[in-house]
Amino acid sequence: MRGFDETPVLADLKPEPVSTPAVAMTPALQAVYDAVDKLSLGSSYNNVPLGRLRQYLAREERSVLADLVALHHLGWISLQQRSGTNGPWWAAQPYPQPRRVFTHEDPDFALRVEEAIMGARSGRKAPYYDRVRERFAWMTKQGDDHLFRHFQDLAQTGFIRLLPEGGGIRVELAERRRKADAPDSSALPELSDDDFLVLNALEALEADQINFGVFEHWISPQRLADRLEQPRSAVGLSVGRLVAHGYAMLAEDQRLRSRIGELARELRYVKQRFRPDDANARPYLVRSLKMELRDRSKPNRDVKLTGVLEGMRHRFASKPEVLRALDGAAAMLAGQWGADPEIAGFQQRAFEEILSAWHGDGNPQIVISADTGSGKTEAACLPMITAAAADRFAGIAGTRAVIAYPRVRLAANQAQRLTKYLAALRQIDGMPLLTIGLQVAAVPRRFDRLHADDVARGWRSAAPGKLDFPFFGCPECEAPLLLEIAGGEQGADRLDCLGCGWRFGGWVGSKAGLMEAPPAFFLPTTDSLHQWMHNPDYGRIFGDEAGFAAPRALLADEIHLFSHIHGAQVGHAFRRLLHRAKVNSDGAAPLAIGMSATLGDPATAWGRLIGRDAVTAIRPLPGESDPNPRGREYFFFIQPEIESRGSDIAGASTTIQAVMCLAHGMRRRTGSAGGYRTLVFLDSIDKLRRMHSAFVDAEEEQNLFALRTERYPDDPVTGTPRRECCGQPHGCDRFEDGECWYFAATDRFQVTTQGSIQPGSPLHVANQPISSATEGKVDALIKSSDILFATSSLEVGFDDPDMTMVFQHYAPQNLASFIQRKGRGGRGIDDRPMTGVTLSLYARRGSPHPRVAGCPCLGAPASVRHDQLARTLRADRRCGRRQARGHNARAGRDRAGQCHAALSSERSLLAAARLWARAVAQRTGFRVGRPLGLSGGCRGAARRTADRRARTHRQAAPPRVRPPARGQPRKTRLLRRRRLADTLDLRSHGRRAGHSPLGGPAGSAAPDLA
């Protein structure tokens, strides 16, 4: 457009013409292509050999080969040279549409080689050169390879590696994780509490829009200032600081969006992708998304520890050994926490109550209940350490406290914390040595006769008389530890740090050592405690022999896990231990201390577990905490798709892509700025192993995340590859489609276990999933990984300051498990952890929506599909009718009648919803989602036809179990049934050549994992 004086008024936005080579598809080549297309239809491999094509065309082999080479260069076929018994031969595979073929003359040849390598991968190993070169014009008219020498040149530059193997050559990228120079974060402006108040208000506005179904919402700083009723200039400065720290993004025209809001949008639009150019054809994976925000409170640590200890000195003024122990504890804690440390109010009450009860002046039944990460361990263990030191001054030998844990990893993690305090106490002049010992399956019986199982668990010889210590790293620097056999004090073993020089000479590391010299603090699992109490060889630990006092206290952590039959067994074991200790102590009742973060009435639960009535409950009071604007918890509840773009979708596919999206896009920092590690929970060990294998293939082998952070489609105008985000989200087509993960591609301050890396580099996934059967240096495995897969073995008590995201594949079994698992992330008070859950459409607990009214016996979630719900109601109705014929006839009739009424009500409500959705669609032309409480879907009930519902019903039906063969072992039958039942959620995927890492042919519409 030009003005009256012929000057341009608006810029010409037309793309500049690009010179493209003329299409060289001649009639002769078209005839050859038609012949290839026709003959390949009769081949199971979709190709045709050169010899057969020559016979069909009645031409010379040399001329036919030259035409095939020309068609390969034009992208219409793939010409491959293969080896046979009679020598090499050629095969041609046609394409319905021409593809782009690269040449060695391309200025971006190295990037094209990288793209070809990633596209040719089909497993853990690097692809062969024969597969990589298919994307290039690699042959001459005579069939000679002229591309390999250019690959050799790239190998000399260090960009790729050529690895001879199996008669071929594999091509691997030299550096998969490209390190980047860490930017200087000290130059960033400091954030204040007011800045986080602005961020919280922004996220609250976005959460309302997201839960309403609006994901493309932008907010202006002016509107945010009006919402907060603050000056616009002050809010504008806060927004600038938040953007600099990576908490928000600011687009053109002052369009503002928080990082968590952008992650929710990316998560909602995530697809199952495998190639750079398949975004428009691949299916969506998320059906609906719900986001919740939870503000965090900060406990008031305003109680001076010196004041608490001074009060205890007045109480125990007549006991000099207690006064000496209190002085040593004060000096130890001052060295650990700083001069004149402060503690919380509930920690003060726990210290006074436990120390008084230890010396016979208080209630011996105590339970401590506080939030995860609030300091329950210190509240219970520090007074016991002080009391145990006083007993040592008084000449009392033997085990002073038995600390029982329900999980092996929890016991090892807490042993690291206690060892740190005991080592610091020993450094104080005049303080006694308090030994500690751990009892789990990985503890060897004797160090002088290690078995193969002990070596496999991590007990390897490092030097004469020294072994690698597999349970945990250094409490100060997390470096590996060495155990020197009998190198400590009083015949105990010694732990030495290879990094900072930390050491502790009071570790009792073998079963023989625990039996001969019982430690002051004995840390078994509940199963080991039950077994050892039945073995008279370990009677010294429980005070059976003269000269060894009985344990003075029992501490049980995570008591909410002791339920059902297992809980009854653990409770009886605790009662036997308490009675045994009382008998061996001449009638003095030992302390029974329980801890939990999830029980509503912990005093009643702990009293019933140990068989005692009067229990003193210690918990934070309402006025002992203040709101903390810096801390906040994010929750994503993800409902997976069932079918999208003609492909069936599995929940496992949604989990894999969702974890990649959140793990790369979340704010990855370390230290006081947050964490960077991700923990993924699964309830089934079989699913855990398969999910871990599939995710490693997707993350580290195929780098599927890089399709949204670096490996973008070629520029449609110039045809050049695009390897960077444009940085302009508003108006970018890739960004609007959710195919550009903005923060993952642009945040320069992202941190991993290996430091700063460039966008497009994979995160490090632990080389094995973690469960109760995992052996070896598990702690080192965790510290060296960015993403972990685990069962409930890491559910309780595992503390990692760098853990910031927890993801759950399908909802946990109960609310307590969910609370414990989400508590693994965000251990710092100012952290902002994330929790994601992939919900199951076929499980009762797999929905955040309200439950079906009128059926209290089921309580099935309202988001379950009608066919699945009807089948469940029918099954429960049959159960009620069988119960009606039994001993409880009235309850059975009521149960069957309620289910029958709910079944009829669900049918009528669903029919009404369909009529309503169809009427609205016909009147307005818009598709309407199903009402909340019926099916919970957002794809629209109007387009769910009868055929689609019938197909979904057939897929959702449980597989028919084949009857076991005669004489088949029972274990084999149960394993087969379990595997058949699991196929509904997660099917095994093949790794044949030409198949995607997540199952199905690459680029096809086949289902992913289920």
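Let's start where two helices meet: the axes of helix H12 (residues 320–337) and helix H15 (residues 408–426) come within 9 Å of each other and cross at roughly 115°. Axes here are lines fitted to C-alpha atoms, for helices over the stretch in contact, with angles running from 0 to 180 degrees between N-to-C directions. The crossing of H12 past H15 is right-handed, a label used when the near helix is turned clockwise from the far one by less than a right angle, with anticlockwise giving left-handed. On the H12 side, Gly328, Ala329, Met332, Leu333, Gln336 and Trp337 make the contact, and they meet Lys420, Tyr421, Ala424 and Leu425 of H15; contact means heavy atoms within 4.5 Å.

A word on the model: it is predicted, so local features need pLDDT of at least 70 and side-chain atom pairs count only at pLDDT 80 or more, while totals for chains, interfaces and linings use all residues. Residues are numbered from 1 along each chain as its sequence is written, and side-chain values use heavy atoms, leaving out hydrogens and water.

Stepping back, the protein has 30 helices and 29 strands, taken as DSSP runs (H or I, at least four residues, for helices; E, at least two, for strands) numbered from the N terminus. Of its 1010 residues, 51% count as buried, meaning under 20% relative accessible area, with exposed over 50% and partly exposed in between (1.4 Å probe, protein chains only). Helix H21 (residues 651–665) is mostly covered, with 15 of its 15 residues buried.

Now for the aromatic rings. Rings of Phe, Tyr and Trp (its six-membered ring) pair if their centres lie within 6.5 Å, and planes under 30 degrees apart are stacked, over 60 edge-to-face and the rest tilted. By this rule there are 27 aromatic pairs. In one of them, the ring centres of Phe109 and Phe151 are 6.2 Å apart and the planes stand at 85°, so the pair is edge-to-face. This pair links distant parts of the chain, 42 residues apart: Phe109 is in helix H4 (residues 109–120) and Phe151 in helix H6 (residues 148–157).

Phe469 and Trp507 form another edge-to-face pair, at 5.4 Å centre to centre and 90° between the planes. Phe469 lies in the loop between strand S15 (466–468) and strand S16 (481–484), and Trp507 in strand S18 (residues 503–508), so the pair ties together parts 38 residues apart in sequence.
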